[in-house]
Amino acid sequence: NNISATYECAPNIALIKYWGKSDDELIIPLNGSISITLDTSVLSSRTTILLIKSNSHKIYVTLNSATQEIDDGDLNKSPDDLINKKRLFIMLDKVRQNCILQDPFEYEIRICSSNNFPTACGMASSASGFACLAYCLSKAFGYKGDVSELARLGSGSACRSCFGGFVKWNTATDSAFSLSRVLFPAEHWPQMNIVALILEDGKKAVSSTHGMKDTVLTSQLLPQRVKIVEEKRLKMMQQFIGDKNFDQFAKLVMQDSNSFHAVCLDTYPPLFYLNDKSKEIIQFINEFNKIDPELKVAYSFDAGPNCFLFVLDHHIAELLFLIKNIYLNNSDLGEKIVTSADGNFLKSLNFD
Ligand code: DP6
């Protein structure tokens, strides 16, 4: 009577970013966002769930090989790592209320999750992790609702990792409508490459959850950003991707990343996610782009110093050559090339 499921999901990189919630508990964003989901063959999270028929009602979570037993009592404490536990319970409640299992409370639950890349470094491991968890819970319990709503309750950006290609997550007043959907599959623009430059892999200073809360409370720039994103940028981004207009796409990606880091600086106390190396990369990309009339590369930074570069096939060799041989000059920066081209964002690894 045991039930199990395993899924692998990939992180996503926001092209138009989510920063700020109108509802902290339900994770409803102030503005919609658009992202591109990476390929599981390069970066991924893998989660297995096992439901064991029992009256014990215990929940065990193993994250990157450390196991914890968790119960409701923990949740009144608070800090960072408990936020994730609280969100797990919120997801579990949602699933149990709307599933095909007759007795959804009569199971011991074991969840085991791991990433093949560093956590908490701006590489959006929570996105791929919670997307996997949402798929696992959905499958194991026979959840009847929308998997992206479930993933969103774990971590906002996770709802975009539920799908491959170019994905949009909508804002809404009602939780049931703040969902993510594919705008264009990865095959739409197979020439697109993403290069991730890992500039630092330590834990970041302020988590996205806390950082954006402070921004909502203190930044006077944020309402302006939300308005521009909702009224203009989402539509523009959809159009540029649709037209495969790299020049316009690149400009908007960089502007939106800059605008997000501007509201971070406008937060009190200020949020410094970029470091000196990140700023050097920005300068380097600007110089590189000046050589030709059309833009060749775009950079984007999430809540951390690591850099994501977007570049089409015919410029990737030149870009990598310059980064490795001239710009980095044998420094120890890690570099990974990831492509969204084959749309392999989700794997279901075994079914009961
Ligand atoms: C900068 O989704 O990690 O990466 O919803 O509180 O879990 P919570 O935050 P999270 O925030 C991601 C912020 C971002 C931009 C983005 O991915 O859109």
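Student: What share of the 352 residues of the chain counts as buried?

Tutor: The share is 42%. A residue is called buried if 20 or more other C-beta atoms lie within 10 Å of its own, exposed if 12 or fewer, and partly exposed in between, with C-beta atoms placed from the backbone. Before going on, note that this is a predicted model, where local features need pLDDT of at least 70, side-chain atom pairs count only at pLDDT 80 or more, and totals for chains, interfaces and linings use all residues. Residues are numbered from 1 along each chain as its sequence is written.

Student: What are the confidence scores of the chain?

Tutor: The average pLDDT is 87, and 85% of the residues score at least 70. That score is the predictor's confidence in each residue, from 0 to 100. Where it is low, the predicted coordinates should not be read in detail. The model also scores ipTM 0.99 and pTM 0.92.

Student: Why is leucine 153 called buried?

Tutor: Count its neighbours. Leucine 153 has 24 other C-beta atoms within 10 Å, so the label buried applies. Leucine 153 sits in helix α3, residues 147-154.

Student: Which residues does leucine 153 touch, beyond those up to four places away in sequence?

Tutor: Ile27, Arg87, Ile90, Met91 and Lys94. Contact is judged by C-beta atoms, placed from the backbone, lying within 7 Å. For scale, leucine 153 and isoleucine 70 are 18 Å apart in space, C-alpha to C-alpha, and 83 residues apart in sequence.

Student: Why does serine 54 get the label it has?

Tutor: Serine 54 has 13 other C-beta atoms within 10 Å, so it is partly exposed. This serine belongs to the loop between β6 and β7. Setting aside neighbours within four places in sequence, serine 54 contacts Tyr107 and Glu108.

Student: How many helices and strands does the chain have?

Tutor: Eight helices and 16 strands. Both are DSSP runs, numbered from the N terminus: helices are H or I with at least four residues, strands are E with at least two.

Student: How do you know that β6 and β9 pair?

Tutor: Pairing takes at least two bridges found by DSSP. Strand β6 (residues 45-53) and β9 are joined by nine bridges, so they pair, and they run antiparallel. Isoleucine 49 stands opposite isoleucine 111 in β9.

Student: Do β7 and β9 run parallel or antiparallel?

Tutor: Parallel, with five bridges joining β7 (residues 59-63) to β9. Leucine 63 faces serine 113 in β9. Strand β9 itself (residues 107-115) has a covered face of Tyr107, Ile109, Ile111, Ser113 and Asn115. Its uncovered face holds Glu108, Arg110, Cys112 and Ser114.

Student: What is the order of the strands in the open sheet?

Tutor: The order is β2-β5-β10-β11, with antiparallel pairing. Strands β2 (12-16) and β11 (180-184) are the edges, since each pairs on one side only. From one strand to the next the twist averages 35 degrees. Four bridges link β2 to β5 (residues 33-37), and isoleucine 13 stands opposite isoleucine 36 in β5.

Student: What makes a nonpolar core, and how many residues has the largest one?

Tutor: It is a set of buried Ala, Val, Leu, Ile, Met, Phe, Trp, Tyr and Cys residues joined through C-beta atoms within 7 Å. The largest has 85 residues, and Ala131, Ala134 and Leu137 have the most contacts inside it. Helix α2 (residues 125-141) gives the largest share, eleven residues. Alanine 131 contacts Cys9, Ala151, Ala158, Ser161 and Cys162, leaving aside neighbours within four places in sequence.

Student: How does the reach of α6 compare with the expected span?

Tutor: The expected span is 1.5 Å times one less than the number of residues. Helix α6 (residues 246-265) has 20 residues and reaches 28 Å from first C-alpha to last, close to the expected 28 Å. Its buried residues include Phe246, Phe249 and Leu252. Among the elements covering them are β2, α4 (208-218) and α5 (222-243).

Terms used
Axes fitted to C-alpha atoms, helices over the stretch in contact; angles between N-to-C directions. Contact = placed C-beta atoms within 7 Å.
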